[in-house]
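Biologist: I have not looked at this one before. Please take me through it, starting with how to read the element names.

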Amino acid sequence: MTASLFTPFPLGPLELPNRVLMAPLTRSRAEEDHVPGPLMAEYYAQRASAGLIIAEATMAMEGHSSFIREPGIYSAAQVAGWRLVTEAVHNAGGRIVLQIWHGGRACHPLLNGGRQPVAPSPIAISGDEIHTPEGKKPYVVPRELADEELPAIVEGFRIAARNAIAAGFDGVEVHGANGYLLDEFLRDGSNRRTGPYGGPIENRARLLLEVIDAVQTEVDLVGLRISPLNSYNAMADSDPIGLSSWLAERLNGTGLDFLHVMRGDLLGQQQGDLLTPIRERFSGTLIANMGYSASEANAAIAAGAIDTVAFGTAFLANPDLPERLRRGAALNSPDPATFYSPGPAGYTDYPALP
């Protein structure tokens, strides 16, 4: 039988009932102190028919916020709040993993008690501004991390993974994409350092690989998201295809359960085929993301080019997306004005099929 979006798929210890995955989507609906609440539980439970939910970027450690109301996983209150979410999703028959994250240079002092953001090199994000409690502000020049500070960051990810399991998640996805800390180390446009964590790709990838190893000591199901072409957050690499090819082959030795690839550039500045060289080299599960229609996703899965597809804004506006795709039903249109606004509007009020 030819595989499609609706063919079950084994992923680590999980059996996914379909291959319509929910991509991580920052929605800024956490409560005070970055604690998930009942509204977030309702939102994720509505989308439990996804083959797998990859929950939104979540602060692995305190003091590195890039948004005003994103969730964390470093406090007991946050673990308890996320437990509301995982129980709601599991009670609805779903599966959910947590994306753990460090904002790196995309953080701002006004979001972190005056603390200067950190990065591999002292290069600020240019061409954009960040939302703060005082309105939109320019990004600041980050402080360059010393080599001796990096083990504490690895440990922070390990503890975050442990907390995710305590909160009831089925696994974790390490966020290595979109211009946040691990991606900043990985790409040479933002990593200009020398020494063991700079220069050639094997050094630039060192922190990411150390994080993956640490997280795997706590969690049975571990994935990684990357975006080698995405120029969001002023990111670039001199050889994104070479970077992708090297990393795909190197990840085979880590025991990683899945690699989640953003195949394009949100800003349209960089182009290239990432998925072909990654598929040729990476022996694990390959999840693709960005701009897929159901027909393109089915064709790619049937051809063996990818294993599953993660849908973003389509899941945001369509809590029952797998069923809509199965029926060929019309999709609700997302409302960008409510992507990051507080409350249920544009969050839990999108209608499902009758």
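Modeller: Helices and strands are DSSP runs, numbered from the N terminus; a helix (H or I) has at least four residues and a strand (E) at least two. Keep in mind that this is a predicted model.

Biologist: OK. Where is Asn178 found, then?

Modeller: Asn178 is in the loop between β10 and α4. Its phi is near 60°, a positive value in a residue other than glycine.

Biologist: Buried or exposed, that Asn178?

Modeller: Buried: the cut-off is under 20% relative accessible area, and Asn178 has 10% relative accessibility, so it counts as buried.

Biologist: Which other residue has a positive phi although it is not a glycine?

Modeller: Asp33 is one, with a phi of about 65°. Asp33 lies in the loop between β3 (20-22) and α1 (38-46). Its relative accessibility is 57%, so Asp33 counts as exposed.

Biologist: Switching to rings. How many aromatic pairs does the structure hold?

Modeller: Seven aromatic pairs. One of them is Phe67 with Trp101, which is tilted, at 6.1 Å centre to centre and 35° between the planes.

Biologist: And which parts of the chain does that pair link?

Modeller: Distant ones. Phe67 is in the loop between β4 (53-59) and α2 (76-91), while Trp101 is in strand β5 (residues 96-101), 34 residues apart. Phe67 and Trp101 are both buried.

Biologist: What about Trp101 and Tyr180?

Modeller: The ring centres of Trp101 and Tyr180 are 5.3 Å apart and the planes are at 85°, so this pair is edge-to-face. Trp101 is in strand β5 and Tyr180 is in the loop between β10 (172-176) and α4, so the pair ties together parts that are 79 residues apart in sequence. Tyr180 is buried, as is Trp101.

Biologist: Which residues form one aromatic cluster?

Modeller: Tyr43, Tyr44, Trp82, Phe169 and Tyr347.

Biologist: Which ring does the charged end of Arg206 sit over?

Modeller: The ring of Tyr197, at 5.8 Å from its centre. There is also Arg263, which lies over the face of Tyr292 at 3.7 Å from the ring centre.

Biologist: On to helices. At what angle do α3 and α6 pack?

Modeller: Helix α3 (residues 150-166) packs with α6 at about 35°, and the axes are 8 Å apart. The crossing of these two helices, α3 and α6, is right-handed.

Biologist: Which residues in α3 and α6 meet?

Modeller: On α3 there are Leu150, Val154, Phe157, Arg158 and Ala161; they meet Leu207, Glu210, Val211, Ala214 and Val215 in α6.

Biologist: Now α7. What span should its 12 residues have, and what do the end C-alpha atoms give?

Modeller: Helix α7 covers residues 240-251, and at 1.5 Å a residue those 12 residues should span 16 Å; the end C-alpha atoms are 16 Å apart, which agrees.

Biologist: Which residues of α7 are buried?

Modeller: Pro240, Leu243, Ser244, Ser245, Leu247, Ala248 and Leu251. These buried residues pack against α4 (181-186), α5 (201-204), α6 (206-216), β11 (222-226), β12 (258-262) and α8 (275-281).

Biologist: And where is Asp239 found?

Modeller: In the loop between β11 and α7. Asp239 is partly exposed, with a relative accessible area of 40%. Asp239 and Arg187 are 52 residues apart along the chain, with 8.9 Å between their C-alpha atoms.

Biologist: Strand β12 came up. What is the relative accessible area of Phe258?

Modeller: It is 0%, so Phe258 is buried. Phe258 is found in strand β12. Leaving aside residues up to four places away in sequence, Phe258 touches Leu11, Val172, Glu173, Leu221, Val222, Gly223, Leu224, Phe282, Thr285 and Ile287.

Biologist: Last one: where is Ala92 found, and what does Ala92 touch?

Modeller: Ala92 is in the loop between α2 and β5. Not counting residues up to four places away in sequence, Ala92 touches Ala45 and Ala48. Its relative accessibility is 45%, so Ala92 counts as partly exposed. Ala92 and Lys137 are 45 residues apart in sequence and 41 Å apart in space, C-alpha to C-alpha.

Conventions: Residues are numbered from 1 along each chain as its sequence is written. This is a predicted model: local features need pLDDT of at least 70, side-chain atom pairs count only at pLDDT 80 or more; totals for chains, interfaces and linings use all residues. Side-chain values use heavy atoms; hydrogens and water are left out. The expected span of a helix is 1.5 Å times one less than its number of residues. Buried means under 20% relative accessible area, exposed over 50%, partly exposed in between (1.4 Å probe, protein chains only). Contact means heavy atoms within 4.5 Å. Rings of Phe, Tyr and Trp (its six-membered ring) pair if their centres lie within 6.5 Å; planes under 30 degrees apart count as stacked, over 60 as edge-to-face and the rest as tilted. A charge sits over a ring if NZ of Lys or CZ of Arg is within 6 Å of the ring centre and within 35 degrees of the ring normal. Axes are lines fitted to C-alpha atoms, for helices over the stretch in contact, and angles run from 0 to 180 degrees between N-to-C directions. A crossing is left-handed if the near helix is turned anticlockwise from the far one by less than a right angle, and right-handed if clockwise.
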